Each structure stands twice: as C-alpha cells, then as structure tokens.
There are 4 protein chains.
Amino acid sequence: MDINGVQIDDTFAEGFPIKLARVIITAVTERWALEAAREATGFGTSVIGCSAEAGIERILTGDLTPDGRPGVSILICNMGYKNLENSLLFRLGQCVLTAPTTAAFSGMHDAEKQFDTGKKLKFFGDGFEKQAEMYGRNIWKIPLMSGEFIVEQNFGAVDGVAGGNFLILAQNQASGLMAAEAAVDAIGKLEGTITPFPGGVVASGSKVGSKYKFLKASTNTAFCTTLRDDGVCTLSEDVSSVFEIVINGVNKEAIQAAMKSGINAACRVPGVLKISAANYDGKLGIHQFPLHMLMQ
Amino acid sequence: MDINGVQIDDTFAEGFPIKLARVIITAVTERWALEAAREATGFGTSVIGCSAEAGIERILTGDLTPDGRPGVSILICNMGYKNLENSLLFRLGQCVLTAPTTAAFSGMHDAEKQFDTGKKLKFFGDGFEKQAEMYGRNIWKIPLMSGEFIVEQNFGAVDGVAGGNFLILAQNQASGLMAAEAAVDAIGKLEGTITPFPGGVVASGSKVGSKYKFLKASTNTAFCTTLRDDGVCTLSEDVSSVFEIVINGVNKEAIQAAMKSGINAACRVPGVLKISAANYDGKLGIHQFPLHMLMQ
Amino acid sequence: MDINGVQIDDTFAEGFPIKLARVIITAVTERWALEAAREATGFGTSVIGCSAEAGIERILTGDLTPDGRPGVSILICNMGYKNLENSLLFRLGQCVLTAPTTAAFSGMHDAEKQFDTGKKLKFFGDGFEKQAEMYGRNIWKIPLMSGEFIVEQNFGAVDGVAGGNFLILAQNQASGLMAAEAAVDAIGKLEGTITPFPGGVVASGSKVGSKYKFLKASTNTAFCTTLRDDGVCTLSEDVSSVFEIVINGVNKEAIQAAMKSGINAACRVPGVLKISAANYDGKLGIHQFPLHMLMQ
Amino acid sequence: MDINGVQIDDTFAEGFPIKLARVIITAVTERWALEAAREATGFGTSVIGCSAEAGIERILTGDLTPDGRPGVSILICNMGYKNLENSLLFRLGQCVLTAPTTAAFSGMHDAEKQFDTGKKLKFFGDGFEKQAEMYGRNIWKIPLMSGEFIVEQNFGAVDGVAGGNFLILAQNQASGLMAAEAAVDAIGKLEGTITPFPGGVVASGSKVGSKYKFLKASTNTAFCTTLRDDGVCTLSEDVSSVFEIVINGVNKEAIQAAMKSGINAACRVPGVLKISAANYDGKLGIHQFPLHMLMQ
C-alpha cells in the first residue's frame with residue numbers, strides 16, 4: 001500500500017488505556033489563552049518522567065467557549081484517576097490561575113468521573129471567593145490582583161487512549177522533521193487528540209527494556225541509523241532518520257482520525273520514504289491501530 | 001519619583017536565594033530550539049506547586065552556541081541542589097532528548113557545582129552511546145531514531161536570586177497586561193534572568209498566610225480591586241488591575257538590570273498609573289531591590 | 001441595545017462594491033504557506049495608496065486544499081477587474097512563485113469572471129513549463145531551482161463588498177487594541193472575509209474630504225479624543241481611544257457574519273465602552289449594515 | 001574549501017547599487033511593531049514587479065529606539081531616489097500611520113539625502129497636526145482616532161547594495177529549506193541587511209533573458225533539477241533542490257557579514273551538499289563577494 005508514492009507498512013500502532021481530562025482555558029485574546037495552555041501542558045511528554053502527559057487539543061473560537069471569549073482546550077493524561085486529580089489541581093493552580101485574564105472550565109461535563117478541582121482552588125481567595133452560577137455552570141469567582149479568576153467547580157475525566165502513533169522514515173532529518181511538522185499541524189486542528197511531545201514530535205523512539213537493568217526503556221536501536229556499522233539497525237540503506245508522532249486521545253475513533261490525518265499530511269512531504277508504526281507485538285496494549293485498515 | 005509620568009513607589013522588591021542551572025539547547029533551526037525550550041521550562045512557575053521554576057533566558061545566535069547552531073538558553077531553579085539535579089535530569093531527559101534535532105550543553109562551565117546529568121542520560125543509548133570531546137567539551141553521543149543526541153557530561157549550577165519583582169498598577173486590565181507584555185519583551189532580551197510565570201506575567205500576586213490553616217499563601221487581598229466593597233483593598237480608586245512580573249536571575253545585578261529594563265518598558269504604556277513592588281517588610285528574603293535607587 | 005454591558009450604537013456600516021479573487025496557497029507546512037500569504041497580501045491596506053486591498057482569509061487543512069497540503073486562502077481586492085488582474089499577476093508572480101515549496105490554486109472555480117494568470121506566469125519557465133491536469137484542475141508546472149511550481153491556469157473573481165466595518169470606543173488605547181485583536185482573531189477563523197489593515201486593525205479612521213484641497217480623505221476629527229480642547233471631538237469624556245475594524249468580503253452575508261462575530265468578541269474585553277460604525281449617511285456606498293439588526 | 005563538511009564553491013555573488021532608507025517603527029509592544037513592519041514591507045520582494053524591495057532589518061529594544069518603546073527597523077529599497085521617496089510616502093502612509101499605536105522615525109539621521117515624508121504625511125491631520133521637538137528630533141503629531149501618530153519630519157536615505165546572495169544546494173527540498181530558514185534566522189539578528197523574499201528565501205532563482213522576447217528574466221534552467229532529462233541541468237546528481245538567499249544592505253560590509261553568518265548557519269543543517277552564489281560573470285553588478293575570501 002502506498003499514499004502519494006510513500007509506502008505504508010503493513011503493521012499496527014499499539015495503544016493502552018489512560019485517564020484524561022479536558023480543560024477549556026479562555027482569556028482576553030487567543031494569544032493569552034495559548035500562553036496559559038502552553039505553561040499548563042509543559043513538562044508533560046511522558047508519564048515515565050513527567051507528572052502527566054499533556055498537550056493543546058485545539059484553539060476554540062468564542063462560540064465554542066462558555067464565556068464567549070477565545071479559548072484553548074487542553075488534555076491532561078495520567079495512568080490513574082488519583083494522579084490525574086493531582087495533575088489538574090497543580091497544573092491549573094500554578095499555570096492557569098496565575099496566568100493573565102484566564103478562566104478555566106471543564107470540557108467534559110457529562111463524564112461520570114468528576115473532580116472538585118475548582119472547589120480546592122477557591123481557597124486561594126482567602127475567604128473572599130464566591131460561588132455562583134454562570135454560563136449554566138457551577139463556578140467559583142476568586143479575587144486576584146488583576147481581576148477575578150473564574151473556575152468551574154467540577155472537572156470531568158474519562159477513560160482515554162494513549163500511545164497512538166506512527167513513524168516517519170525519511171531520506172534525511174530535515175525531510176522527516178518537516179513531514180512531522182505537517183502531520184502535527186494537521187492533527188492540531190482535530191478534536192479529541194493531543195501530540196504531547198515537544199512541538200508534537202518524538203525524536204527518540206524507544207524500545208522496552210535495556211542492557212542496563214535499572215532502565216525500563218531505551219533507544220530503539222533497530223531504528224537508529226547511526227548504528228548501521230554496529231549491525232543493529234534493521235532499516236534499509238536509503239533511510240537516514242526516523243521521527244515518531246505519539247497521540248493520546250479521548251477514544252479510539254479520535255486516535256484513528258488523527259493518525260489518518262497526520263499520515264496523509266506526512267506523505268505529501270518530499271523525502272519521506274515510508275510510514276510505519278510502533279508496537280510491542282500486541283503484548284503491552286489493548287488497542288491496535290492497523291495502518292492499512294486506517295488508510296483505506 | 002516618576003518615569004514618563006508614571007509614579008514609582010518608594011518601596012523595594014524582596015528576593016531570596018535559589019539554586020539555578022543554565023542549559024543551552026541548540027537545534028537545526030531557532031524554531032525547534034524554542035519548542036524544546038518551551039517544553040522543558042513548562043509547568044515551572046513556582047516551586048510552591050511545580051517541580052522547578054524555569055524559563056527561557058534568551059535566544060542565542062550560532063556564534064554564541066557550542067555547535068554553531070541556533071539556540072535558546074534556559075534557566076532551571078530549585079530551592080536546593082538536590083532538587084535541581086532532579087529537575088535537570090527529568091526536564092532534559094523528557095523534554096530535550098526527546099525533541100527533534102536538539103543538543104544540550106552546560107551554560108555554566110565555570111561553576112563550582114557540577115552535576116553529571118549527561119552521564120546519567122547516556123544510559124538511554126543502551127550501550128551504544130559514545131563519549132567524545134567536541135567543541136572543547138566533554139560530551140556523550142546518544143544514538144536516537146532521528147539521529148544522534150549530543151549532551152554535555154556535566155552541567156554547572158550556581159547560587160542565584162529568586163523573587164525579584166515589580167507591580168504594575170493600571171487603569172484597567174488591558175493596559176496593565178500590555179505593559180506587562182512590553183516589560184517581559186524587554187527582559188527577554190537580557191542575559192541572566194527569566195520571568196517564569198505564564199507569558200512572563202503573574203495575574204495572581206499573593207500574600208503570606210491565609211485564613212485557611214492548610215494554605216501557606218493566598219491572594220493579595222489588599223491589592224484586589226474587586227474587594228473594594230469589602231473594605232480590604234487599599235489601592236486608590238483609579239486603579240482597577242494589578243499585574244506582577246516575577247524575576248529569577250543568576251545574581252543581584254542581573255535582577256536589577258531586568259527590573260530596570262522592565263519598569264522602563266511598562267511606564268511607556270498608556271493607562272499605567274503606578275509601579276510598585278512586593279516585599280515582606282524584609283522578613284523573608286535577604287535581597288532588597290529598592291525601586292528608587294534602581295531607577296535613578 | 002447592549003452586549004455584555006457594552007452599548008451598541010443605533011447606526012450602520014456603509015459598504016461599497018469591489019472586485020475580488022480568492023487564491024489558495026499551499027506549501028510543505030502551514031508555516032511556509034503563511035509566509036507566502038503574508039508577503040502576497042502585504043502593502044495592501046487600502047486602494048487609496050496601495051495597489052490592492054489584500055489579506056489572509058483563513059488557514060486551510062489538507063482536506064480543504066487541491067493538493068492535500070496545508071494551505072492559506074487569501075483575498076485580493078481592487079475597484080475594477082483590470083486592476084485586479086494586474087494585482088493577481090504581480091502578487092502571485094513576485095510573492096508566491098518566489099516562495100519556497102508553494103503552489104497556487106484558484107479559490108473561485110465557478111466564478112463567471114476568470115483571469116488566465118497561470119498562463120501568463122508560465123513564461124517564467126522559459127519554454128520548459130508543462131501544462132497538465134492535476135487534482136481535477138488545469139495547471140502549469142513551472143520548473144524552479146527548488147522544485148516545480150504548480151499554478152492553476154485560471155483564477156476566478158467575483159463582485160464582492162468592501163468597507164464593512166465597526167468602531168470600538170474604549171476607555172484607553174490598550175483596551176481598545178485588545179478588543180480589536182480579539183475581534184480580528186474571531187473574524188480570522190471565518191470563511192469569506194478579510195481585515196486588510198495591519199494586524200487587521202485601523203488606527204486612523206478617516207472622513208471624506210479635508211481642508212487641504214489636494215487630499216480626498218483626512219483624519220476623522222470628530223472621533224479624535226486628543227482634539228477635545230479644540231472643540232471638534234464629539235465623543236463622550238470617558239472615551240479616550242477608538243479603533244476601527246474594516247472588513248472586505250465575498251458577499252453581504254460574509255460581511256454580516258464577520259461583523260457579528262467581531263463585535264461579540266470585542267464586547268468581552270474590559271474597558272470597551274461602546275461599539276459604533278462608520279458611514280457616510282448612505283451617500284457613498286450601496287450596502288448598509290445596521291448594527292442593531294445584525295446583533296439581534 | 002569546506003565548512004562543516006559542506007563544499008564552498010570558488011565563485012562570487014554579484015551585487016549592484018540601490019538606494020535605501022531605514023525606518024524605525026515603534027509601538028506599544030514588540031508584537032504590534034512587527035505587525036506594522038510586516039505590512040509595510042510586504043509585496044516587496046523585487047523591483048522587477050514590486051514597487052520596492054523591503055524587509056525587516058531587526059527587532060529593537062527600547063534602549064535603541066527614540067521613544068524608548070519596543071521597535072522594529074525596516075529597510076526600503078529602490079533603484080532611484082525618486083521611487084524611494086514614493087515608497088516611503090505610500091508604505092508609511094498606508095501601513096504605519098494606519099497601524100495601531102505606532103510611531104515612525106528615521107533610522108538614517110546623518111544621511112546626506114533626506115526626504116520630508118513626515119511633512120507630507122502630516123496633512124492627514126486636517127490642520128490639527130502639530131510640529132514639535134521630541135527625543136531630539138523634529139517631529140509631527142498627527143491626531144488619530146486611536147491617539148496621536150508621531151512621525152519624524154525627515155527620513156534619510158543612502159546608497160546601498162542589492163543582490164548579495166548565496167545558493168544552498170541540497171539533497172532534497174526539506175533540507176535546503178531548513179538550511180535557508182537557519183540562514184535567515186541568523187541574518188535577521190544582524191544590523192544593516194534584509195532578506196526581502198518571502199520568509200527571506202528565494203525558491204525561484206533566475207537567469208537574465210528568456211526565449212520569450214518580452215521577458216527579461218526567466219527560471220535558472222541550469223539549476224533546475226527537474227530538467228535533468230532535458231539535458232539543461234548542470235548540477236551533480238546528488239543535488240535535488242536549490243534555494244537562494246538574496247540580501248540587500250546598507251553597505252558592502254553589512255552584506256559580507258550577513259553572507260558569512262548565513263552560510264555558516266546553512267552549513268550546519270544535514271543534507272546540505274554545497275554552497276554557491278549567483279553572478280553574471282561580473283557584467284551586471286559593480287560589487288563582487290567571493291565566497292572563499294568571505295569565509296576565511
């Protein structure tokens with residue numbers, strides 16, 4: 001199978017369950033909603049070493065936000081609900097409450113799981129915080145030096161999917177990276193997914209295990225083209241660089257749509273030779289995303 | 001005292017010691033160095049609830065970086081060296097090693113305190129990592145799918161200063177925020193300082209203590225203009241919004257230069273009424289930055 | 001009438017006919033499509049002194065572009081078709097053909113008026129250009145040093161509307177400008193309109209005529225708050241700054257949607273006091289956009 | 001000769017004289033100074049089809065601008081002083097006077113050639129404009145709806161140099177473009193030069209003359225890799241894409257510094273094979289920039 005002349009490997013991406021919450025951040029302008037969202041989702045690439053996996057889902061116009069202001073929706077992901085509750089509390093408290101002109105609303109109103117993050121943040125008001133009904137939501141108004149911070153009392157969370165992915169095999173680093181950028185741009189317009197790595201791109205795909213006992217994951221040696229002389233690289237000679245796009249999403253369908261859109265974008269960049277995907281032979285994750293089925 | 005018609009309060013900012021490290025991140029283009037830097041410094045506004053205080057120091061042209069590529073220097077700050085070592089390991093490992101085309105170098109070669117962060121990150125290479133001397137530095141080459149990640153073996157750290165600050169009292173939220181933006185832009189060009197809050201701006205200045213026993217800090221009620229009717233706001237009637245710029249830096253002189261440059265910028269924005277600063281009557285911090293002396 | 005506490009003047013914007021063409025620019029990434037679009041629409045605020053009025057309509061994902069790559073659609077406007085044909089030829093030839101990795105397609109396939117701009121640009125190929133059918137379109141492939149430039153043979157154009165507008169009356173310059181930014185962000189997501197002035201905002205609204213005979217238009221003195229002492233400013237004392245958003249669009253409905261969306265956004269920014277609109281008592285333009293009817 | 005493993009051709013860039021003016025645009029924030037600068041320098045790639053060649057020289061902090069606000073300096077270039085005077089009048093009048101919160105100052109105070117552009121723009125004030133001395137300069141205050149527009153009476157201009165350039169020969173389009181981006185980033189920090197093409201990059205290098213008599217310039221067929229089968233491409237087989245960086249500057253030294261900085265940056269991008277330069281065998285221009293002498 002090929003798309004626009006780029007070969008699509010007959011393999012599958014392997015995903016696993018994760019808990020995630022959507023937060024809608026609004027501000028006086030789109031620019032300031034983005035600043036808060038970037039801070040709140042930073043240091044959030046992988047739960048291996050970050051307190052959460054987090055990213056910007058998409059930009060929202062005023063007709064899609066509770067208060068009619070420009071907004072950004074973000075997804076915050078953790079392996080369990082307890083950690084997710086912590087992530088919400090600290091990331092909203094430190095990076096959104098502190099950001100100029102922002103408000104924070106739940107983006108998963110109907111979820112069964114609800115955290116009273118707003119109720120916990122309200123204590124910052126030192127007794128002057130006030131509960132109210134606004135935009136059909138139960139909110140807290142917390143007085144700040146710069147104005148009032150509006151935060152919803154409850155934030156919903158759901159069972160989502162982590163580890164959606166695809167690999168871009170390219171003639172050189174530049175074409176692989178440009179294809180990755182085009183893919184991330186495309187996915188960034190969709191609802192329901194994030195690409196949590198820096199700029200949406202993973203430079204350092206990993207394999208499970210390592211020769212060092214204390215390390216659970218290490219560089220994916222079979223895909224490291226600088227290891228050709230060491231005899232461990234299994235890629236064909238024409239490939240000299242591989243980037244990975246990792247995708248978390250609210251459900252399987254969202255991941256599929258993002259993978260499809262991202263792969264289509266990547267395949268339009270000259271120098272891209274092949275699209276593949278990372279999996280663990282189905283041993284780790286419960287979700288499988290076969291590329292050929294996806295791209296039909 | 002006034003600058004450009006804006007009154008400068010006869011008060012001082014109060015700072016305290018912090019440990020900080022400078023990391024130089026380079027990449028194929030400035031844009032990609034910035035992506036890595038933003039991820040690595042995200043969720044890093046205040047050690048009250050973040051694992052570090054972190055920010056972008058400035059953009060570096062190729063003549064200022066070890067490998068001649070475009071770069072960004074960042075500062076990572078923690079209260080103690082042990083936490084700082086952890087921050088370096090996790091923020092570089094999760095957000096720079098994983099970012100496309102990056103390399104990471106120490107920006108404090110001559111510091112007495114040195115962490116072998118690069119030596120710890122090298123294990124990701126699963127035995128295929130190689131030590132070398134490059135650019136006059138002791139580095140590790142770690143094979144990645146996308147190419148090689150170059151990381152310096154040791155990263156230096158020094159005793160720095162946190163909590164440099166000034167307050168912008170404005171006619172309304174928009175003029176205060178625009179002045180804050182102008183101040184952050186000015187400080188962002190200087191060497192030696194960061195403004196770790198979202199977009200460099202603090203919307204939620206705090207006071208020590210709270211009526212809630214479990215909370216060590218709460219909203220600075222005396223500066224909350226929405227609390228005028230409650231009788232706790234001490235600001236004059238013409239002020240309706242206050243933003244704070246918090247500055248961490250490598251030493252006192254860097255903080256002073258940043259405060260001066262930022263205040264000068266803020267005072268050129270229409271609607272700014274007064275510049276003040278946050279302190280704890282000299283009880284908390286050992287560094288004092290009197291505004292009048294600074295702005296002479 | 002008021003929206004979110006901001007008074008809406010009972011007046012109307014006055015528009016007039018203009019000819020306009022939509023061009024779809026695609027490129028390897030969204031970033032490079034934007035660079036070409038910005039260059040091609042620059043120096044294009046008003047036909048009073050620019051060769052065209054031009055602006056970015058919106059960003060297009062790959063599923064909305066002929067070649068499946070990321071794109072940007074722009075509108076180019078002139079008073080007559082002859083000037084518009086010239087604008088297309090020179091702006092596409094100088095700013096899109098010269099831009100890295102771009103292609104240019106007509107965004108008005110079904111328009112009755114069609115210009116053979118692509119057929120004229122093809123001569124740059126020095127005889128090596130080739131005609132082809134691609135993406136269901138009649139295109140030319142022009143060989144460039146960096147690759148091939150794909151340009152559609154014909155570009156359609158229609159009778160559009162210029163001069164849609166509204167005025168933002170604000171407590172100070174910063175709040176007026178932030179409201180203008182929020183309005184432009186909102187309009188920028190819509191199909192069918194552009195805001196051709198710098199950053200989408202007009203700082204210098206004008207009136208017809210001048211005390212200087214050689215000048216057809218001059219500053220709108222009645223709205224200049226620095227002329228209060230001269231007795232010519234008719235604005236109430238609380239207003240200190242007025243910004244205008246000027247909108248061109250493919251038809252009346254597109255202008256209406258943009259005005260509505262922009263006004264709604266502006267009215268959510270603190271410090272905005274009133275929304276009004278510029279007209280010439282119905283003497284100049286044939287299109288009237290009454291604010292109250294619009295905002296119902 | 002090679003730099004970082006990239007071969008530097010033993011050839012020279014050929015430049016010719018041009019007239020140019022520097023304008024310093026300031027605004028309330030850097031962002032808004034940039035918006036005005038982008039509009040004022042748009043549709044300004046080549047005087048072959050644009051009314052001027054124009055670009056952003058660099059970003060200026062408040063300590064480098066007359067009014068202490070953030071600024072951007074731009075260069076506007078024309079073949080003769082008469083056209084340059086027109087360009088200044090129309091580009092400042094349509095794109096800077098109209099832009100929010102801007103002021104415009106001469107960046108060439110000591111030049112012998114001076115245009116009274118400010119004196120001509122002042123008529124927009126309809127008699128309410130006022131002359132004054134501010135920041136040690138002779139300026140006009142023109143009342144606008146949004147505030148006052150400050151413009152210097154005279155703008156200086158000098159004999160500069162156009163057509164500085166170098167060529168990036170690359171393995172594929174993506175690596176060539178990334179190298180071009182890195183080069184433009186580097187040049188963009190320097191004083192005295194601009195790269196007037198879209199995003200600073202030329203995709204369509206040309207040769208003098210054409211098989212079509214009415215065309216003075218056409219695609220540089222010898223460098224078009226898609227014309228290999230036609231037997232006209234003279235590039236070696238490994239090259240598949242060539243980008244050009246064209247540089248205008250205030251003098252020869254500025255061009256030399258920019259070329260050196262840009263080439264150094266480009267040579268650090270993987271996939272770049274060779275650096276060359278465009279010339280006309282010394283027949284067209286009076287300035288020669290030999291690459292080997294430059295890069296020593």
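What relative accessibility does F123(B) have, and does that count as buried, partly exposed or exposed?

A: Happy to! F123(B) has a relative accessibility of 21%, so this residue counts as partly exposed (buried is under 20% relative accessible area, exposed over 50%, partly exposed in between, with a 1.4 Å probe and protein chains only). Before we go on, this is a predicted model, where local features need pLDDT of at least 70 and side-chain atom pairs count only at pLDDT 80 or more, while totals for chains, interfaces and linings use all residues. Residues are numbered from 1 along each chain as its sequence is written, chains are lettered from A and ligands numbered from 1 in the order in which they are written, and side-chain values use heavy atoms, leaving out hydrogens and water.

Now to the rings. Over all chains, the structure holds 20 aromatic pairs (rings of Phe, Tyr and Trp, the last by its six-membered ring, pair if their centres lie within 6.5 Å; planes under 30 degrees apart are stacked, over 60 edge-to-face, the rest tilted). F123(B) pairs with Y212(A): the ring centres are 4.7 Å apart and the planes stand at 80°, so this pair is edge-to-face. It crosses between chains, joining the loop between β13 (206-208) and β14 (217-219) of chain A, where Y212(A) lies, to the loop between α3 (117-121) and β8 (130-134) of chain B, which holds F123(B) (helices, H or I with at least four residues, and strands, E with at least two, are DSSP runs numbered from the N terminus). Y212(A) itself is buried, at 14% relative accessibility.

Related residues turn up in other chains. Ring pairs link F123(A), Y212(B) and F214(B) into a cluster. In chain D, Y212(D) and F214(D) have ring centres 5.8 Å apart and planes at 25°, so they are stacked. Y212(D) is buried at 14%, whereas F214(D) is exposed at 55%.

How do chains A and B relate?
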